[in-house]
Amino acid sequence: MTDAALPQRLAGKTVLLIVGGGIAAYKTLPLIRLLRAEGCSVSTILTKAGSAFVTPLSLQALTEQPVHMDLLSLTEESMMGHIQLSRAADLLVIAPATADLLARMSAGMADDLAATVLLATDKPVLAAPAMNVRMWQHQATQANIDTLTARGLTLVGPEEGPMACHEYGPGRMAEPETIRDAILSLLVPSSVSSNVPSSADTVPQDLRGHHALVTSGPTHEPLDPVRYLANRSSGRQGHAIAAALARRGARVTLVSGPVSIPDPQGVTTIHVETGRQMMAACESALPADIAVCVAAVADWHVEAAEQKLKKTGGTPHLTLLPNPDILATLSAPGPRRPALVIGFAAETEAVHQHARDKRLRKGCDWLLANDVSPNTGIMGGVDNAIRLITADGEEDWPRTSKTEVADHLAARIAAFMNAS
Ligand code: C5P
């Protein structure tokens with residue numbers, strides 16, 4: 001079954017694959033083939049819902065191992081059957097990770113074999129979510145994702161695209177090759193170049209050996225348990241920059257506020273909600289050689305009420321308290337200051353003058369200015385138009401996609417890092 005002609009980068013590794021119930025379950029069959037071709041041993045747990053989409057026989061034939069479905073029969077075999085399953089694995093992979101399975105995992109339930117193993121394991125877990133776009137974007141799912149990623153769960157995908165339910169958006173399960181690459185980056189980090197898109201072959205690996213810290217997205221500042229202050233940042237530009245730096249070989253830590261776009265490939269993404277959490281996550285990600293602050297961090301937070309604010313209590317009076325300035329903090333001189341600190345200035349008037357002032361005020365090295373007046377469609381959109389402001393001068397980049405802006409910036413960063 002294994003193909004000795006391939007590099008066998010996962011030789012000696014064991015993955016426990018948990019197949020949840022979703023139309024994307026069919027993609028686990030080619031995933032198993034890809035993993036076996038890398039020399040990986042794959043054992044499987046098939047949930048009851050999963051068995052409506054793929055048969056135990058298919059999984060058994062491809063893995064050449066028995067398929068585990070029943071908590072009780074495992075217990076019969078050995079009281080510790082489920083513990084042994086996870087003990088024998090180097091990594092647990094949930095594909096497809098359904099909204100239901102993620103919710104049960106977040107709640108710490110143990111109502112079937114999959115949930116029990118996930119609760120009992122001390123091994124790293126990678127989840128490939130797959131669900132309808134509205135289910136993915138629902139606050140309940142996003143809260144579960146926040147909880148699970150804070151506990152150490154790694155996500156691959158979901159990807160954006162047309163879905164089986166005739167809707168479009170994030171929710172499609174990552175492709176088998178993408179999941180295989182995420183597994184490689186977790187189990188064999190030295191093979192990380194395989195964790196970036198195939199275009200990596202043509203992208204110079206001139207940021208290899210550098211650690212880049214990127215912030216992205218908005219922050220949510222709670223007013224009470226159900227309301228928050230936020231802004232319209234989509235995270236597209238910051239995520240694209242994180243991905244572009246990873247494509248050039250950098251080790252990238254992305255600290256992201258709440259966004260509805262998937263985590264970029266080849267990047268360690270830390271999910272946070274508030275500006276203060278983002279500051280703390282950045283500080284714990286240091287040291288870094290490069291910092292790119294793209295996040296639209298709320299300037300203020302309020303002392304959140306413990307209970308939902310009531311209209312009957314009169315119009316609430318909100319006292320705004322300043323948030324930490326992450327860019328200014330990272331730019332401050334000191335032993336942990338990254339060699340290159342880059343900020344953004346999203347302005348709606350006197351864009352360039354404000355941006356020049358901002359670079360000096362924050363103490364960063366480069367500042368990328370963009371006009372986010374509503375008529376430009378830049379905030380939340382897919383394009384961007386940039387003026388790069390450095391101590392040495394200024395240059396305008398023509399309006400182009402946020403991905404191309406990211407690639408251009410990554411190339412400039414690589415040139416700077418390799419010259420200095
Ligand atoms: O002050 P202003 O929000 O306009 O500055 C924008 C730049 O500063 C961006 O690079 C943004 O990521 C960063 N910033 C930050 N922390 C804040 C506010 C802004 O890192 N609290």
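Reader: Which residue forms a salt bridge with Glu175, the closest N and O atoms being 3.3 Å apart?
Author: This is a predicted model: local features need pLDDT of at least 70, side-chain atom pairs count only at pLDDT 80 or more, and totals for chains, interfaces and linings use all residues. Residues are numbered from 1 along each chain as its sequence is written, and side-chain values use heavy atoms, leaving out hydrogens and water. A salt bridge needs a side-chain nitrogen of Lys or Arg within 4 Å of a carboxyl oxygen of Asp or Glu. At 3.3 Å, the partner of Glu175 is Arg172.

Reader: Which side chain meets Glu175 in a salt bridge at 3.1 Å, N to O?
Author: Helices (H or I, at least four residues) and strands (E, at least two) are DSSP runs, numbered from the N terminus. Glu175 sits in the loop between strand S8 (168–172) and H9, and its partner sits 148 residues away, in the loop between S1 and H1. With N and O 3.1 Å apart, the partner is Lys27.

Reader: Is Lys27 buried or exposed?
Author: Buried means under 20% relative accessible area, exposed over 50%, and partly exposed in between (1.4 Å probe, protein chains only). Glu175, at 28%, is partly exposed. The relative accessible area of Lys27 is 7%, so Lys27 is buried.

Reader: How many salt bridges does the structure hold?
Author: One joins the side chains of Asp181 and Arg180 at 2.9 Å, N to O. Both Asp181 and Arg180 are buried. Bridges with shared partners also tie Asp100, Arg104, Asp111 and Asp112 into one network. The count of salt bridges is 18.

Reader: How many of the 12 residues of H9 are buried?
Author: Helix H9 covers residues 176–187 and reaches 16 Å from its first C-alpha to its last. That is close to the 16 Å expected, the expected span being 1.5 Å times one less than the number of residues. Ile179, Ile183 and Leu187 are among its buried residues. H9 is largely enclosed by the rest of the structure because the buried residues number 9.

Reader: Which elements do the buried residues of H14 pack against?
Author: H14 has 18 residues and reaches 26 Å, close to the 26 Å expected. Its buried residues include Val405, Leu409, Ile413 and Met417. They pack against helix H10 (236–247), S14, S17, S18, strand S19 (383–390) and strand S20 (393–401).

Reader: How many aromatic pairs are there?
Author: Rings of Phe, Tyr and Trp (its six-membered ring) pair if their centres lie within 6.5 Å; planes under 30 degrees apart are stacked, over 60 edge-to-face, and the rest tilted. The count is 1.

Reader: What are the rings of Trp366 and Phe416: stacked or edge-to-face?
Author: Trp366 is in strand S18 (residues 366–371) and Phe416 in helix H14 (residues 402–419), 50 residues apart. Trp366 is buried at 8% relative accessibility, whereas Phe416 is partly exposed at 30%. Ring centres lie 5.6 Å apart and the planes meet at 80°, so the pair is edge-to-face.

Reader: Which residues does Thr141 touch, not counting those up to four places away in sequence?
Author: Thr141 is in helix H8 (residues 139–150). At 9% relative accessibility, Thr141 is buried. Its contacts are Ala99, Met131, Met135 and Trp136.

Reader: What is the omega of the cis peptide bond that joins Gly157 and Pro158?
Author: Most peptide bonds are trans. Pro158 sits in the loop between strand S6 (154–155) and strand S7 (159–162). The bond from Leu286 to Pro287 is also cis, with omega near 5°. For Gly157 and Pro158, omega is about 5°.

Reader: What is the phi of Glu64?
Author: Most residues other than glycine have a negative phi. Glu64 lies in the loop between helix H2 (56–63) and strand S3 (67–68). Glu64 is exposed, at 54%. Its phi is positive, about 60°.

Reader: What is the phi of Ala350?
Author: Ala350 is in the loop between strand S17 (340–347) and helix H13 (351–362). Its relative accessible area is 47%, so Ala350 is partly exposed. Its positive phi is near 40°.

Key: Contact means heavy atoms within 4.5 Å.
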